[in-house]
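The sequence and the model come first.

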Amino acid sequence: MPPIVSTVAAWIGLLAHLGTLMFYLSSGLVAPLWAIVVLLMLWAALLLLAIAAVRRRQAWGLLVPVVAVGLWLGAISAGEAILGWQA
């Protein structure tokens, strides 16, 4: 893959990951405070991965927002199903 394509892909991944923050912040409508704190810590860890992808100019940075959305959706769904979280 050409270096410019990898660089652009990494930046798109970082920007898309920043867009997932609204989902994590809106979790307070369903999840308790402790779960929101854990989710935000995981989001921050994924942000560090996205930044690392940009610095290294790696296209795998596109996977970071996909993982972030999957993690958020899985956590909220599991909390509703197992722990009884309700809006």
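## Overall fold

From the N terminus on, the elements of the protein run α-α-α-α. There are four helices and zero strands, where helices (H or I, at least four residues) and strands (E, at least two) are DSSP runs numbered from the N terminus. The model is predicted, so local features need pLDDT of at least 70 and side-chain atom pairs count only at pLDDT 80 or more, while totals for chains, interfaces and linings use all residues. Residues are numbered from 1 along each chain as its sequence is written, and side-chain values use heavy atoms, with hydrogens and water left out.

Along its principal axes, the C-alpha trace spans about 50 × 20 × 15 Å. Among contacts (heavy atoms within 4.5 Å) between residues at least 6 apart in sequence, 71% join residues at least 24 apart. Of the 87 residues in the protein, 32% are buried. Buried means under 20% relative accessible area, exposed means over 50%, and partly exposed lies in between (1.4 Å probe, protein chains only).

## Helix α1

Helix α1 covers residues 3-19. At 1.5 Å a residue, its 17 residues should span 24 Å, and the end C-alpha atoms are 25 Å apart, which agrees. The expected span of a helix is 1.5 Å times one less than its number of residues.

The buried residues of α1 are Ser6, Thr7, Ala9, Ala10, Gly13, Leu14 and His17. Seen down the helix axis, these residues fall within an arc of 165°, so they line one face of α1; the arc is that of the directions from the helix axis to the C-beta atoms. The buried residues of α1 pack against α2 (21-25), α3 (33-56) and α4. On the face turned away from the buried side, α1 carries the exposed residues Ile4 and Leu15.

## Helix α3

The 24 residues of α3 should span 34 Å at 1.5 Å a residue; the end C-alpha atoms of α3 are 35 Å apart, which agrees. Buried in α3 are Ala35, Ile36, Leu39, Trp43, Leu46, Leu47, Ala50, Ala53 and Val54. These buried residues pack against α1, α2 and α4. Just after α3, Arg57 takes a positive phi of about 55°.

## Helix α4

Helix α4 spans residues 63-82 and contains Ala78; Gly74 is also found in α4. Gly74 counts as partly exposed because its relative accessibility is 36%. Ala78 counts as partly exposed because its relative accessibility is 32%.

Gly74 and Ala35 are 39 residues apart along the chain, and their C-alpha atoms are separated by 13 Å. Ala78 and Leu47 are 31 residues apart along the chain, with their C-alpha atoms separated by 23 Å.

## Surface

The protein exposes about 5,400 Å², of which carbon and sulfur atoms supply 77%. Accessible areas come from the Shrake-Rupley method with a 1.4 Å probe; for residues, only the protein chains shown count as cover.

Met1, Ile4, Val5, Val8, Ile12 and Leu62 form a nonpolar patch on the surface, with about 580 Å² of accessible area together. Patches are made of residues with over 30% relative accessible area and no salt bridge: like charges are joined within 9 Å, and nonpolar side chains (Val, Leu, Ile, Met, Phe, Trp, Tyr) within 5 Å. A salt bridge is a side-chain nitrogen of Lys or Arg within 4 Å of a carboxyl oxygen of Asp or Glu. Ile12 lies in α1 and, at 46% relative accessibility, counts as partly exposed.
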